[in-house]
Amino acid sequence: MTSAGVSPPLGPFFGVFDLFKVGIGPSSSHSVGPMRAAEFFLKTLQSLHQLEHVRRVQVDLYNSLALTGLGHQTDVALLMGLCGEVPDQIDTETIPAKLQSIRESRTLPLGGTVPIAFDESTDLIFHRRTDRNLHPNTMRFSAFLESDSRSASLEQTYLSIGGGFVVQEGEAPSQDSPQMDNVPHPFTSASELLRHCDQHGLAIHEVALQNEVSFRSEQEIHDGLQHIWQVMQECVDKGCHTEGTLPGGLDVKRRAPNLFRKLTERGTPTDHDPLCLLDWVDLFALAVNEENAAGGRVVTAPTNGAAGIIPAVLHYLVRFCPDVNDTTVHRFLLTASVIGSLYKRNASISGAEVGCQGEVGVACSMAAGALTEALGGTPHQAEEAAEIGMEHNLGLTCDPIKGLVQVPCIERNAMGAVKAINASRLAMGSDGKHFVSLDRVIRVMKRTGADMSARYKETSRGGLAVNISEC
C-alpha cells in the first residue's frame with residue numbers, strides 16, 4: 001500500500017496473444033522486433049503527415065543487434081518493415097524478389113508507396129565497435145526531408161526487448177493497453193496465481209481464460225488460439241517436407257525431412273523401441289526451428305529462437321496422449337501463456353539480456369507446466385513442472401555460431417522439448433510440494449542473467465561462437 005492507502009498499479013497484462021504471435025524467422029528480437037519498430041516509425045511519420053515528404057531514412061543498430069544482426073537477418077527485417085510489411089502478414093515467398101529489387105535499384109518504397117534512395121552501406125549502419133551503455137537491442141531511426149541533409153526531421157529510438165515486443169526509448173507504457181488491474185484474477189507472481197486457483201477452485205487455464213475475456217470475446221479467443229495451433233502445425237508439416245541447406249554460410253543441412261521418412265517407415269512407434277516417441281519429439285522441434293532458421297513463418301513461443309519447444313510438446317500431446325482435442329490444445333496454450341507472462345513480468349525472455357535461459361529455458365518451463373495441466377495435473381503440479389523446466393536450464397548461454405539461429409539453437413530446441421516432457425512426468429509423480437518455488441527460480445534466473453558475461457548473451461563473442469574448430 002502507498003502512504004495514501006492506495007495500492008500501486010500492477011502493470012501491464014500479458015495475455016496469450018502477447019506470448020504467442022505469428023511472425024517470421026529467424027529471431028523474434030532481431031527480426032520480428034525490428035520489423036515492428038519500422039512499422040511504428042512509419043505510423044509516426046504518417047501521423048505527422050511527413051511520410052510523403054521523406055527523402056532518406058537511416059537506421060543505426062547497436063550492441064547485440066549490431067553484432068549478430070546480419071546472421072539474424074535484421075537487415076532483411078528492417079528493409080521489409082520500411083516497405084510497410086508486418087511480421088504476421090508478410091508473404092515470406094516474396095522476400096527474395098523484394099530484396100533484390102531494393103539492392104539493385106538502391107531505391108526503397110517507404111511505407112510501400114514513397115520511393116526513396118536507399119544505400120545499405122550508408123543508410124543501415126551496424127555499430128559493431130561501439131560499446132554504448134544501451135539496451136542490448138537498440139535501434140535508432142532517422143528520417144530526412146532532404147536527401148543531402150545532415151539534420152533529421154524525426155528521430156526515434158526503439159528497444160527490442162524479446163519475443164517480438166518493442167518499446168520506444170523513454171516512453172511510458174500506454175494507459176490504453178490492457179492492465180493487470182482490470183482482470184478478475186490479478187497476479188504478479190506464481191504464488192498469487194496459485195492462491196487464485198485454490199480460493200476459487202480453478203485450474204490455471206481457467207484463470208487465464210477468465211482474465212482474457214476482460215479484453216476480448218470467448219469466440220475471439222477460441223479463433224485466435226485455433227489460428228496459433230494451425231500455424232504451428234503448418235510449420236511442422238513444412239519443415240518435415242522441405243529439403244535443402246539452411247542459409248547463412250554454415251552449410252547446415254535440414255535433418256527433419258530425412259528423420260520424418262525414417263520414422264514414418266518404422267511403423268507403430270513403440271513396436272521395437274519404446275523411446276521412439278522421443279525421436280518424434282525431436283522431429284517436431286527440428287522441423288520448426290529449421291523453418292525458423294530459413295526465415296519461414298513460425299509462432300513466437302515465446303521467442304523465435306525457442307519456437308520449436310512448445311509446438312513439439314503440443315504435437316506429442318496430440319499424437320501420443322489419450323483423449324486430446326482442440327479444447328485440450330487451447331488449455332495448454334492458455335496455461336503456457338500464464339507461465340510465460342511471469343517470466344516476462346519478473347525477469348526476461350530475451351537472449352540478449354539473460355542468455356538462452358530466457359528463451360529455451362522459459363519455453364521449456366512453459367511447456368512443462370502446460371503439459372502437466374493438459375494431462376490432468378493440479379495447478380501446484382503444473383507450477384512444480386514449470387520450476388523444474390527452468391531450474392535445469394539455469395545459466396544456459398546464448399552463443400550462436402556466426403550469429404545464426406542454427407548451431408546450437410536448432411538442437412537445443414529438441415533437447416528443451418524432451419526436458420519439458422520429463423519435467424512434467426517428474427511433477428505428475430509428486431504431490432506438488434517442492435523445495436524451490438517457481439517464483440524463486442525466476443528470481444535466480446534474472447540474477448544469473450545479470451551476472452552472465454555479455455560474451456554469452458547473443459553477441460557471438462564467446463562459447464561455441466568463437467570455438468568452432470573445437471566443436
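Predicted model: local features only at pLDDT ≥ 70, side-chain atom pairs only at ≥ 80, totals over all residues.
Let's start with helix 2. It covers residues 28-47, which makes 20 residues. From its first C-alpha to its last it reaches 26 Å, close to the 28 Å expected at 1.5 Å a residue. Of those 20 residues, 15 are buried, so helix 2 is largely enclosed by the rest of the structure.

Now look at the two ends. What happens at the start of helix 2? There, a side-chain oxygen of Ser27 comes to within 3.4 Å of the backbone nitrogen of Ser29.

His49 is not a glycine, and it lies in the loop between helix 2 and strand 2 (56-63). Is His49 buried or exposed? With a relative accessibility of 59%, it counts as exposed, since the cut-off for that is over 50%.

Why point these out? Well, most residues other than glycine have a negative phi, and most peptide bonds are trans.

And there's another pair like that, further along the chain. Between helix 16 (379-391) and helix 17 (409-428) there is a loop, and Pro408 is in it. Val407 and Pro408 are joined by a cis peptide bond, omega about 5°. That loop between helix 16 and helix 17 also holds Lys402. Lys402 isn't a glycine either, and has a positive phi of about 60°. At 49% relative accessibility, Lys402 counts as partly exposed, because exposed would need over 50%.

Next up, helix 10, residues 256-266. Which of its residues are buried? Ala256, Pro257, Leu259 and Leu263 are. If you look down the axis of helix 10, the buried residues fall within an arc of 160°, so they line one face of the helix.

Asp223 is partly exposed, at a relative accessible area of 41%. Asp223 and Arg195 are 28 residues apart in sequence, and C-alpha to C-alpha they are 29 Å apart in space.

Last one, and please zoom in on Glu359. You'll find Glu359 in the loop between helix 14 (351-354) and helix 15 (360-374). Glu359 is buried yet has no salt bridge. Where is the nearest side chain of opposite charge? That's Arg412, 8.9 Å away, and a salt bridge would call for a nitrogen within 4 Å of a carboxyl oxygen. What Glu359 does have is a side-chain polar contact of 2.8 Å with Thr303. Setting aside neighbours within four places in sequence, the residues in contact with Glu359 include Thr303, Gly305, Ala306, Ile349 and Glu458.

That's my set, happy to take questions.

Notes: Residues numbered from 1 in each chain as written. Heavy atoms only, no water. Helix = DSSP H or I, 4+ residues; strand = E, 2+ residues; numbered from the N terminus. Expected span 1.5 Å × (residues − 1). Buried < 20%, exposed > 50% of the residue type's maximum accessible area, 1.4 Å probe, protein only. Polar contact = N/O pair within 3.5 Å; in protein donor to acceptor, adjacent residues only side chain to side chain. Lys, Arg positive; Asp, Glu negative; His and termini not counted. Contact = heavy atoms within 4.5 Å. Arc of directions from axis to C-beta.
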